[in-house]
Amino acid sequence: MSSATDTQPEVTKRASAPLYAKHAKIYPKKVTGPFRRLKWAVLVALLGIYYILPWIRWDRGPNAPDQAVLLDLEGRRFYLFFIELWPQQIYYLTGALILASVGLFLATSLAGRVWCGYACPQTVWTDLYVWVERLFEGERGDRIRMDQGKWTLNKLWRKAAKNAAWILIAFATGGAWIFYFTDAPTLAWDLVTLNASSTAVWFILLFTGTTYLLAGFAREQVCIYMCPWPRFQSAMTDEDSLVVTYREYRGEGRAHLRKTQSWEERKADGHGDCIDCNACYHACPTGVDIREGSQLACIGCGLCIDACDEIMTKIGRPKGLIAFDTQNNLVSMATTGKKAVYKLVRPRTIIYSLLMVVVSGMIAAGLVLKPSLDISVLRDRAPLFVALADGSVRNAYTFKISNMTRDSRDYTLTASGLAGIELSVAGEHQSDSAARLRLSAAPDQVATYRIFVTVPRASVTAASVPLTLTLTTAGGDGDSYKTVFMGPAN
Amino acid sequence: MAKNVEKDALSGVETTGHSFDGLKELNNPLPKWWLYVFYVCIAWSLVYYVLYPAWPLGSTYTKGVLGYSQREDLAKSLADAKAAQAKYLDRIAKASVEDIQKDKDLLSFAMAGGRTMFNENCSACHGAGGQGAKGYPTLADDVWLWGGTTGDLYQTIKGGVRQGDVVETRGAPGVGMTAFGRDGILDKTQIDQVTEYVLSLTNRATDKAKADKGKTVFEENCVACHGDKGQGSLAAGVDGVGAPPLNTAAWVYGGDRATLVQTITNGRAGEMPAWSKRLDDVTIKQLAIYVHNLGGGK
């Protein structure tokens, strides 16, 4: 920020203050302007997605859910439009999380905490709740007066109505959440006819409670005290990141506007453009005075910019006393009065962008090449091996075939690695052994077989010999699994 | 209360009057939230006393109006689990072991149930996975003393081996392999010769002449139970004996020379309890299916 000598007294002042700050309720003032409009637009879009997504249908054929986005925990399948994930493919979630965090890093290095200011659920729901609060209790001044005043009938019904509306929104939030985990229309009907499971009701109530608490009361405290992101977000920004900034060089020294004084006289007195009207401070949803510089509580929503621009227009000064600006530009303007060149392409933006391209490429490639067959083999450990009457040695394997298609599939199992392998499968015809086995798996199911591999004693050349089990479909594609065959060590 | 209430100059908080080497204890009140939680807990405990079992009264206790009991809960959840299995258990009860083997659903249910019951009841002697131990036949291989079909296995588990008071037991109680040495039927030379012959059945003989002499001893004493080629009573078609084959790689007590001499000298008579006395029929059927599918079932 500014040079060391400037901040010195401030630091001393801070150090002597107690570490515990009593929470003061924040009454954000209504703002109009481009950033406010953007925030509304994002809010409507995100809430729209949240509420509509579970209702979108997607035809997957018979015997499969037709919900576009369904996290079927009970059936152990995730459905995302054309993607269907089995539990063992959970690593795609890791990929998605990496992509999300790198995206967050990129956005932060470009424009500060825009995620916090616009897209974070905490911000979106708090914004909605403040709007409801304003609807019932009025503007900032009215709300402060009402909170300080006595309980009257007017205050009672307004508070009650506000809380009722909040709980309604919270209920709708919690209600929508569970639609992602089970078939939405069925569950909605169950809820209406009071037939929903206790699990569903429990989660609705849980999310109703948390929404009501977090958006209604905790609000900015979540950002300041609970969220880890503000703690390390400063590592993502640099001198070329656009962050919400008070242009100190233009605003200081701040002083109230005197009608009798012309702007030239005011400048000659050593005063800047800031008329100390506190509009920026009153507009802030987290109670930040942006003129104190970039700080942890600032969520980068830009509402103070709208508030300040409105005032600047009124008093006939140019907009942008508070703006999304870079550290470099600020220093350059303060020292030389020249605009710094904005650098969009910097090492960190390049690295983050590249990482995003690579990770999305990997996910996309993984999804395209995603096999429709997965096999898993578990060798019997007790007994390690069995000596048969004729001296030959047998190992048993639990063989699982995950048929990730919508059709019933037939497979051929072969084994290689030792001479004279005979295969058989536990069940009715287990005494029929052959060099290859015919196995099958029902659609979208895991078929489990107990496979016996028998070889002549002479083939077992060591206590453990590598063995490869290969499963092929009629179409020719397949999968193989490397395991071992164990026998007596000579 | 102390008469002279002293206030700490720095914090403005009253002191308790306690002083330790000049350090004074401040009389800070408990945090409000803590205090209220404490009161709520007391209130809840009163509600709890009424609702749930709480106070011991000699040999009984206050039952609580909800009538809650962990024992009953357990009994109920066990009954529920049983009821959930009922549709399979009922079918298993009605089906023969051969039919269970053919039905894929029943087979996998019986395999899972049989596995649990095997681990609880059988693995102590026969080993996990039926790997066997000295004197306890391996169940995963393809050598059987009393038959390896599901029906045979069902019968053997049910009646046990050489059990006194069970009608359908395998073999006769107390009747096993003769103690040829101890009872003076064969002398040491003959035992040595017949041992050599038995070893020759699995191509391990070292003295051809001795084995040939042993063959005579074998034909006179052993073929009645073990068969003319040492193929065992099952393959030779001798009922109710359970004499193991002597021409395979599998041995119940061990196939080395010293063990064979010991066996021929002292005889053997393995036993197994009749599980029908301890387990129900449905469980025994599941066990038969499980053992059959260990790998050696015929």
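**Exercise 1.** How much of residues 33–51 of chain B is helix, how much is strand, and how far apart are the end C-alpha atoms?

*Solution.* Note first that the model is predicted. Start with the record: UniProt, in an unreviewed entry, places a "transmembrane region" at residues 33–51 of chain B. Next, assign the secondary structure: this stretch is 100% helix and 0% strand. Finally, take its ends: their C-alpha atoms are 26 Å apart.

**Exercise 2.** Describe the contact between chain A and chain B, working from the side of chain A.

*Solution.* Count residues: 17 come from chain A and 20 from chain B.

**Exercise 3.** Divide chain B into domains and characterise their contact.

*Solution.* Domain 1 of chain B covers 83–172 + 272–292, and domain 2 covers 188–266. Their C-alpha centres lie 29 Å apart. The contact takes 14 residues from domain 1 of chain B and eleven from domain 2 of chain B. On the domain 1 side, seven residues are nonpolar, four polar and three charged.

**Exercise 4.** Trace the pairing of strand E13 (residues 464–473) of chain A.

*Solution.* Take E9 (residues 409–416) of chain A: six bridges join it to E13(A), antiparallel. Here Tyr411(A) stands opposite Thr473(A). Now take E14 (residues 478–486) of chain A: nine bridges join it to E13(A), again antiparallel. Pro466(A) has Val484(A) as its bridge partner in E14(A). Close with the hairpin of E13(A) and E14(A): four residues lie between the strands, and Gly476(A) takes a positive phi near 105°.

How values were computed:
Residues numbered from 1 in each chain as written. Chains lettered and ligands numbered in written order. Predicted model: local features only at pLDDT ≥ 70, side-chain atom pairs only at ≥ 80, totals over all residues. UniProt positions renumbered as here; feature names shortened; annotations may be inferred. Helix = DSSP H or I, 4+ residues; strand = E, 2+ residues; numbered from the N terminus. Contact = placed C-beta atoms within 7 Å. Domains from an automatic or database assignment. Nonpolar A, V, L, I, M, F, W, Y, C, P; charged D, E, K, R; others polar. Pairing = 2+ DSSP bridges.
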